[in-house]
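Please examine the structure shown below together with its sequence.

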Amino acid sequence: MQLVTIFLGFVVFGISENIKGPAIPRIQLAFNLDEGQLGTLLSLNALGYLIACSFTAILVRKWGIKAVSIISFGSMVLSGVLIFLSHTYPLFASSYFLMYIGNGMLEIGLAILGARIFVKNTGMMMNLSHFFYGLSSTVAPLLATGVMSLSVFGHMLDWRGMYLVMLSLCLMPIVSALRSTFPGDDLPHEDRTSFKTLMRDPALWMMVMILSFGVVSELAVGGWLVNFLEKAYAWDTVKASGMLSAFFLLFSLGRLVIGPLTDRIGFVLSLIIFSMLSAGCTFVALAGGESLAFLFALSGAGIAIIYPTVMAFIARRYPNGSDTAITFVVTLMGLGSVIGNYIIGWVIELVKTVYGRSSELGLLRGLQAGYGFIGLCAAVCSVSGIVLYVYLKRRGELI
């Protein structure tokens, strides 16, 4: 039941995060939103996530991970009901915000659950869990599109009904969580690693560096690869989107195939090797031009293992303080990923100015520089891993 809860949890987490794509145009039309209002609505994602990060670990310590898991799944179901009933924009925006609060709680809660449950083959199990997230994320837009076109009792479900149906899937992990007992909730407070002790550990700060740069490199591909291929190589949208799909396919397979190797190779060494592999693929693809564009997709296999392997490292290094450590690292990672995407845009504009803003060469060099920054983030991730490796090796604490 513990495994069912965490695997189903990652499935519904991936679905809840990625059903918005097909629904957004319909939501915009239903409430007559301009682009600014739509941007504000989508920014609730980051705000809700950061708010959830601030209190989830506290609730875990007070009420236990089982209660917090059920509350996070329950809030998702409730938000689905409220979205279905919302026919005014204020009620809809509030319901949407509640969904993202639940999403943030779910991400922290699932990470803590994994850290407590996967005491053996930690790297493999963490990567397998995140594979389920990648799998559901891939099919979520297709599922959402299909559900919106369904008719029940002569009424089309549309986007409101789609949110109700899809978020109601969170009832499944609630049932399995109710039937489970999770380790760690009975640990006395005096046995838990304190926040001050964690903050004094240089290894934790190096993990923040590794995860922040790794996740920027991972998430930026979704936003920039299609744009790069269309403008730099004049690819059509279908062909460019196909390359992005190949990236996500190899990303998911990386977690499934490479994940089990992290326990054998070692967590820190795995982070060094596979983030450098991702960086190498990106740089060679940029240098080789259009003929080596397939390497952009291959980079996904390397960067895929960064997030789950960092979670596995934290689970091993801080068995009595994993909830606090995960919350701290993931919160700073969230801030870092927002800053990272701004930097990419700034780099592109700066290089375009140097080579000529209105020239084709300026656009090409700007896009190459911006995408090169994505590869650089993966390289910094690897270099940070080397620093961590040396630090832990000297202290005899290598994992």
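The sections below describe selected features of this predicted model.

## Aromatic pairs

The whole structure contains 18 aromatic pairs. One of them joins F31 and Y89, whose ring centres lie 5.8 Å apart. The angle between the two planes is 65 degrees, and the pair is edge-to-face because planes over 60 degrees apart are classed in that way. F31 belongs to helix α2 (residues 20-31) and Y89 to helix α5 (residues 89-117), so defined as DSSP runs, and the pair thus links distant parts of the chain, 58 residues apart. F31 has a relative accessible area of 14% and is therefore buried, whereas Y89, at 27% relative accessibility, is partly exposed.

A second example is the pair of F228 and Y371, with 5.4 Å from centre to centre. Here the planes are 40 degrees apart, and the arrangement is tilted. F228 and Y371 are both buried.

## An aromatic cluster and a charge over a ring

F31 and Y89 also belong to a cluster linked by ring pairs.

Elsewhere, a charged side chain meets an aromatic ring: the charged end of K239 is positioned over the ring of W235, at 4.4 Å from the ring centre.

## Packing of helices α1 and α8

Two packed helices are described by the angle between their axes and the distance between the axes. For helix α1 (residues 2-18) and helix α8 (residues 171-178), the axes come within 9 Å and cross at roughly 160 degrees. Angles over 145 degrees count as roughly antiparallel, and α1 is therefore roughly antiparallel to α8. The crossing of α1 past α8 is left-handed.

Residues from both helices make the contact. On α1 these are V4, T5, L8, G9 and V12. On α8 they are M172, P173, S176 and A177.

Where does V119 lie? V119 is found in the loop between α5 and α6 (122-148). Its relative accessibility is 60%, and V119 therefore counts as exposed.

In sequence, V119 and R316 are 197 residues apart. In space, the C-alpha to C-alpha distance between V119 and R316 is 7.6 Å.

Technical notes
Residues are numbered from 1 along each chain as its sequence is written. This is a predicted model: local features need pLDDT of at least 70, side-chain atom pairs count only at pLDDT 80 or more; totals for chains, interfaces and linings use all residues. Side-chain values use heavy atoms; hydrogens and water are left out. Rings of Phe, Tyr and Trp (its six-membered ring) pair if their centres lie within 6.5 Å; planes under 30 degrees apart count as stacked, over 60 as edge-to-face and the rest as tilted. Helices (H or I, at least four residues) and strands (E, at least two) are DSSP runs, numbered from the N terminus. Buried means under 20% relative accessible area, exposed over 50%, partly exposed in between (1.4 Å probe, protein chains only). A charge sits over a ring if NZ of Lys or CZ of Arg is within 6 Å of the ring centre and within 35 degrees of the ring normal. Axes are lines fitted to C-alpha atoms, for helices over the stretch in contact, and angles run from 0 to 180 degrees between N-to-C directions. Angles under 35 degrees count as roughly parallel, over 145 as roughly antiparallel, 65 to 115 as roughly perpendicular and the rest as oblique. A crossing is left-handed if the near helix is turned anticlockwise from the far one by less than a right angle, and right-handed if clockwise. Contact means heavy atoms within 4.5 Å.
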